[in-house]
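This briefing is intended for a reader who will inspect the model alongside the text.

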Amino acid sequence: MALCIPPSVFAVHLQFNLLYQFWIHTEVIENLGPLEFILNTPSHHRVHHGRNPYCIDKNYGGTLIIWDRIFGTFAAEKDKVVYGLTHSINTFESLKVQFHHCVYIWNIFWTTPGFLNKLSVIFKGPGWAPGKPRLGLIEEIPEVSNVH
């Protein structure tokens, strides 16, 4: 759309979107009542960043949560959300942190047999493997531990 609308309109929209994304990264706001059915709120966004099993692959919407409700990727916040990765990478090196998942996908891609399976490694969820559902098995997600 950036090529189809005036640059000034795009720039203003970009800034409003940035402001919206900023305020949903808070733990101060708990519930916004009826707005929770339409908009992505801090409660929904906490689930998006959580590593609890019920949070995995949920609440992708940036502004509107209705799309997650329609496509079945919505989860309401129920337990205290623990943030982070499901599998620890045990490093603070910025390049490793940024690219460790790309390296993981690359290695899985080359060791998975069959062309369609290789495409599935790229386009399906991170827990997928041949014979598993699109997003993998929820039982294989590690339990949340070391909660402070």
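H45 is a residue of helix α2, in a model that is predicted rather than determined by experiment. With a relative accessible area of 7%, H45 is buried.

**Surroundings of H45**

- Beyond the residues up to four places away in sequence, H45 touches I24, H25 and N40.
- One of these neighbours, H25, is joined to H45 by a side-chain polar contact of 2.9 Å.
- The C-alpha atoms of H45 and K58 are 9.2 Å apart in space, while the two residues are 13 residues apart in sequence.

**N59, in the loop between α2 and α3**

- N59 is located in the loop that runs between α2 and α3.
- The relative accessibility of N59 is 0%, so the residue counts as buried.
- A polar atom of the N59 side chain lies 2.9 Å from the backbone oxygen of H44.
- When neighbours within four places in sequence are set aside, the contacts of N59 are H44, V47, H48, I65, D68, T73, F74 and A75.

**D68, in helix α3**

- D68 belongs to helix α3, which spans residues 66-71.
- D68 is buried but forms no salt bridge. The nearest side chain of opposite charge is that of R69, at 8.3 Å.
- The side chain of D68 does make a polar contact of 2.5 Å with the side chain of T73.
- Residues up to four places away in sequence excluded, D68 touches N59, Y60, G61, T73 and F74.

**Salt bridges**

- Side chains of opposite charge can pair when their charged atoms come close.
- How many salt bridges does the structure hold? There are 3 salt bridges.
- E77 and R46 form one of them through their side chains, with an N to O distance of 3.0 Å. This pair links distant parts of the chain, 31 residues apart: E77 is in the loop between α3 and α4 (94-111), and R46 is in helix α2 (residues 42-49).
- K132 and E140 meet in a salt bridge of 2.7 Å, N to O. K132 is partly exposed, with a relative accessible area of 25%, and E140 is partly exposed at 45%.
- K96 and E93 meet in a salt bridge of 3.9 Å, N to O. K96 counts as partly exposed at 47% relative accessibility, and E93 is likewise partly exposed at 47%.

**Annotated region**

- An unreviewed UniProt entry carries the annotation "domain: Fatty acid hydroxylase" for residues 4-73.
- Over residues 4-73, the chain is 44% helix and 0% strand. The C-alpha atoms at the ends of this stretch are 30 Å apart.

**Confidence of the prediction**

- The protein chain has a mean pLDDT of 89, and 97% of its residues reach 70 or more.
- Among the elements of the chain, α2 has the highest mean pLDDT (95) and helix α1 (residues 7-23) the lowest (91).
- Where pLDDT is low, the predicted coordinates should not be read in detail.

Terms used: Residues numbered from 1 in each chain as written. Predicted model: local features only at pLDDT ≥ 70, side-chain atom pairs only at ≥ 80, totals over all residues. Heavy atoms only, no water. UniProt positions renumbered as here; feature names shortened; annotations may be inferred. Helix = DSSP H or I, 4+ residues; strand = E, 2+ residues; numbered from the N terminus. Buried < 20%, exposed > 50% of the residue type's maximum accessible area, 1.4 Å probe, protein only. Lys, Arg positive; Asp, Glu negative; His and termini not counted. Salt bridge = Lys/Arg side-chain N within 4 Å of Asp/Glu carboxyl O. Polar contact = N/O pair within 3.5 Å; in protein donor to acceptor, adjacent residues only side chain to side chain. Contact = heavy atoms within 4.5 Å. pLDDT = per-residue confidence, 0-100.
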